[in-house]
Amino acid sequence: MNCEEATKLMDGYLDGELDPITSQTIEQHLRECHNCDQAYKTHGSLIRAIGNATPYFKAPAALRERIQSSLRQEIAKEPVRNVVEDFPPLFPTGQRRTVPSVIPWNWLALAAAIIFAAIITFNLMPRLQRPGSDQFLATQLIASHARSLMANHLTDVASSDQHTVKPWLDAKLDFAPPVVDLSSEGFPLIGGRLDYLDNRAVAALVYERRKHFINLFVWPAASEAAKAPKTITRQGYQLLHWADSDFNYWAVSDVNPNDLQTFKQQFEVRTPHH
Amino acid sequence: MAAPLKADYAFDTEDLESSAKIVKFAVLKKHQEQDAAQERELASFEETMLPHMDAAHNLAKWLLRDEEDARDVVQEAYLRAFKSFGGFYGSNGRAWLLTIVRNTSYTLLKKNRAVDLTTTFDEEIHASGHESVSPATLLERSEDADLVREAMDKLPVDFREILVLRHLEGLSYNEIADIAQIPPGTVMSRLARARGKLKECLAARIGKEK
């Protein structure tokens, strides 16, 4: 690879969007070419600084109310369709008159019975289905994540140093959660927090990804804990669950799913295996 | 409709009358059922889409550079999204909503025949001696939010768009390609050009201050 090609691909490399082989080729060129390496480092730190300084215009509260009320007006003004048309035609219109009318009424009775049964099923079923334990946990996790961002209580111990956060958590909990800083992977550690989930005290590790936060909840795994990673998307939040031999992990964030997967991989790579 | 029919065939059996009642009841229930279905759809829509309102507003504000226009566009985009929500089966609600916000914003920009859609910043850059700004000064001053905002506002709309989607929303190149409706292969080159222009704009503004 020459300098011109490397310059062309620099932004893709900076954003981690190149395929592994091209990335390796670039890395090799940067090791060999001092000028390109310097240019890459300058460009990278400048872009990160700009990204951090770019204002993010959050939606004002009034807009939310305005939108919710306009959505309600929207469903109110939508005319209720003529109900009779919703019944499937019993017979093609041309034949209708020639058929004895008693028969359609029996058909209607049957149709009505079916609709009635459907309505009953439809109304009762949701009440009969109890939310799965994962769903209930997901609700708790999202609530905890949202609350941590809302109440200015993101961290109990704010430090990007894993050697500060870990001892603090170890002292407060009856287990020692793994704590790693992933700054070099693009997920700087912001701090740690105590939380209460699933009827127990848990550790919440807070990471930042660009302007978004990731809450990673950790607590000891039950012996029969499911090992397969699992993703849930709810209310616009991404939840990613995995477990190793010692711990349950739930990562909750509004970052995109790929970022959360990357986060999990990097976390696992950096966690000492037991 | 049921009443005259029933009168015509009043000589019929008891079964017939009861079935007519059931039909009426079912019709009533169906009205309520429709209302309830709409309520459920709205609740599901709000649960999926309201969390992305900050992202929607942020993008609209950057594209339109006007708070009132941005609010109007976000509201309009939510209404449009709700109407086509039945066709949304994906998991990436944010990207879907941002696509609608983006299209709605462009419609408004075109309607206002904004000069915005063409490049307007070149004279300013060429007029000043930004070559004299050192990388260290540039880096230091790029932490100044007001300065970055002024420089961003000078960029053409497609550059502002791609910078916001990448730097503020952290979207992948594929997601950006979907939202900005460009081939995935051109995302990197456009982003590189946008960053280059942004650097020039920043340097130009810093150069001017001296």
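Reply: Start with a term: a residue counts as buried if 20 or more other C-beta atoms lie within 10 Å of its own, and as exposed if 12 or fewer do. Keep in mind that this is a predicted model.

Me: OK. Which residues are buried in helix α8 of chain B?

Reply: In that helix, residues 145-153, the buried ones are V148(B), A151(B) and M152(B). Seen down the axis of α8(B), they fall within an arc of 100°, so they line one face of the helix.

Me: Why would residues a few places apart end up together like that?

Reply: An α-helix has 3.6 residues a turn, so residues three or four places apart point the same way.

Me: And what is on the other side of α8(B)?

Reply: D146(B) and D153(B), which are exposed there.

Me: What covers the buried residues of α8(B)?

Reply: The cover includes α3 (34-53) of chain A, along with α9 (157-168) and α11 (184-209) of chain B.

Me: How many residues does each chain put into the contact?

Reply: Chain B puts in 58 residues and chain A 52 residues. On the chain B side, helix α2 (residues 14-49) gives the most, with 15 residues.

Me: New topic: the sheet in chain A. What is the strand order?

Reply: β1-β2-β3-β4-β7-β6-β5, an open sheet of seven strands with antiparallel pairing. The edge strands of chain A are β1 (157-158) and β5 (230-234), each pairing on one side only.

Me: How many bridges join β6 and β7 of chain A?

Reply: Six, in the antiparallel sense. W242(A) has Y249(A), in β7(A), as its bridge partner.

How values were computed
Residues are numbered from 1 along each chain as its sequence is written. Chains are lettered from A and ligands numbered from 1 in the order in which they are written. This is a predicted model: local features need pLDDT of at least 70, side-chain atom pairs count only at pLDDT 80 or more; totals for chains, interfaces and linings use all residues. Helices (H or I, at least four residues) and strands (E, at least two) are DSSP runs, numbered from the N terminus. The arc is that of the directions from the helix axis to the C-beta atoms. Two residues are in contact if their C-beta atoms, placed from the backbone, lie within 7 Å. Two strands pair if DSSP finds at least two bridges between them.
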